[in-house]
Every structure is written in C-alpha cells, then in structure tokens.
Amino acid sequence: MSDTRIHPETGQELRRDVRRQTVTFGSLSRVVDVPGWYPDGDGDALFDGADLHTANTAFKELRSEYGGHVKAVRKARGLTQEEAGHIIGGGPRAFQKYESGKTPPSDAAVGLIEVLDKHPEALATLRNVRSKQMTVAASVTDATRNTDPKVVRRGRRRKATAKLVRARG
C-alpha cells in the first residue's frame with residue numbers, strides 16, 4: 001500500500017498518519033489517537049471503519065460514563081429520578097435509563113443537565129416553566145373531557161365493541 005493518496009474531492013495529497021483527536025459526549029471528553037489519511041496542515045482527512053474504531057469505542061465509553069455524571073448532577077440538585085425526568089424532559093423513567101447507560105439523553109436533555117451542573121440556580125426556573133406547562137396541559141385535557149360529550153360516548157362504544165368481539169371469539 002502506498003504511503004500517499006489523493007483526496008477525491010479536494011485533490012490534496014494525503015499521508016498515512018496517526019493524529020490525536022478529542023472525542024466528547026456532554027461535558028466529558030477523551031483524547032485518542034486516530035489513524036487515517038491526513039493532509040499536511042489543516043484540511044479534510046479520510047478514514048475507513050478500522051481507522052475510526054478507536055474513536056467510536058471512546059465515544060461509546062463516554063456515553064456510558066455520562067450516566068454517572070447525570071446521576072451526580074441530579075443528586076447534587078436534590079432531585080429524584082422521576083422529578084428530574086419531568087423537569088429536564090423524557091418522562092418519569094428517563095433518568096433511570098440515562099443513569100444506567102442503557103439510553104443516552106437527547107441533545108436537549110444533555111444541554112439542560114449541563115446547565116444545571118454549572119448553574120444550580122436554573123433549577124427554580126426549570127421547575128417554574130414545567131409546572132406552568134403541566135397546568136396548561138391539565139386544563140386543556142379537563143376542558144376537553146368536560147365539554148365534549150362525543151369523546152366520552154366514543155370511548156364507551158369502543159369498550160362495548162371490544163366486549164362483543166371477545167364474546168364471539
């Protein structure tokens with residue numbers, strides 16, 4: 001294999017090399033050596049799957065480790081997993097999944113977690129915003145239930161139909 005090749009889009013000459021790259025997830029980062037085809041100075045590099053294996057592995061590890069960071073931030077702010085799920089978003093079980101590393105938080109959740117880590121005073125603002133959203137949502141739901149009798153009737157018909165289907169089967 002040749003030690004050089006030409007970049008298919010830029011036409012720059014690339015050389016086989018290993019360079020240090022920073023991999024990040026949320027506020028966590030790790031520097032790893034990534035082999036690839038690099039130009040002299042700055043510019044687009046080329047990688048194949050094997051080249052990116054180290055960076056991908058580091059990213060997966062950081063994503064998993066981020067669960068510990070999420071838990072530490074949540075506990076430092078005195079939140080339960082369920083309350084954190086309502087305030088940050090994702091629902092009542094979200095933080096259980098984030099902290100175990102089973103599911104990474106969304107970009108929006110990562111942003112809010114990092115804000116709470118650096119600015120604990122923001123917790124009061126988030127609580128206030130979420131409580132207003134939940135109050136409005138509850139009001140809309142209650143108003144729909146109380147003023148639209150068709151919604152109630154449709155629900156009763158569906159239950160009756162379901163019972164008939166089961167009785168025939």
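Trainee: Among contacts in the chain between residues at least 6 apart in sequence, what percentage join residues at least 24 apart?

Mentor: The share is 48%, where contact means heavy atoms within 4.5 Å. Please note that this is a predicted model, in which local features need pLDDT of at least 70 and side-chain atom pairs count only at pLDDT 80 or more, while totals for chains, interfaces and linings use all residues. Residues are numbered from 1 along each chain as its sequence is written, and side-chain values use heavy atoms, with hydrogens and water left out.

Trainee: In what order do the elements of the chain run from the N terminus?

Mentor: Helices (H or I, at least four residues) and strands (E, at least two) are DSSP runs, numbered from the N terminus. Here the order is β-β-β-α-α-α-α-α-α, which gives 3 strands and 6 helices.

Trainee: How should I read burial, and is Tyr66 buried or exposed?

Mentor: Buried means under 20% relative accessible area, exposed over 50%, and partly exposed in between (1.4 Å probe, protein chains only). Tyr66, in helix α1, has 0% relative accessibility and therefore counts as buried. Leaving aside neighbours within four places in sequence, Tyr66 is in contact with residues including Phe25, Gly26, Pro105 and Ile113. Tyr66 and Gly26 are 40 residues apart in sequence, yet their C-alpha atoms are 7.4 Å apart in space. Across the chain of 169 residues, 24% are buried.

Trainee: How many salt bridges does the structure hold?

Mentor: Side chains of opposite charge can pair when their charged atoms come close. A salt bridge is a side-chain nitrogen of Lys or Arg within 4 Å of a carboxyl oxygen of Asp or Glu. The structure holds 10 of them. In one, the closest N and O atoms of Asp40 and Arg15 are 3.9 Å apart. Asp40 lies in the loop between β3 (28-39) and α1 and Arg15 in strand β2, so this pair ties together parts that are 25 residues apart in sequence. Asp40 is exposed, at 56% relative accessibility, and Arg15 is partly exposed, at 37%.

Trainee: Which residue forms a salt bridge with Glu99?

Mentor: The partner is Arg74, with the closest N and O atoms 2.5 Å apart. Glu99 lies in helix α3 (residues 94-100) and Arg74 in helix α1, so the pair ties together parts that are 25 residues apart in sequence. Both Glu99 and Arg74 are buried.

Trainee: What is the nearest side chain of opposite charge to Arg77?

Mentor: For such a search, Lys and Arg count as positive and Asp and Glu as negative; His and the chain ends are not counted. For Arg77 the answer is Asp117, 4.3 Å away, and Arg77 is buried yet has no salt bridge. Arg77 is found in the loop between α1 (49-76) and α2 (81-88). Not counting residues up to four places away in sequence, Arg77 touches Leu116, Asp117, Pro120 and Leu123.
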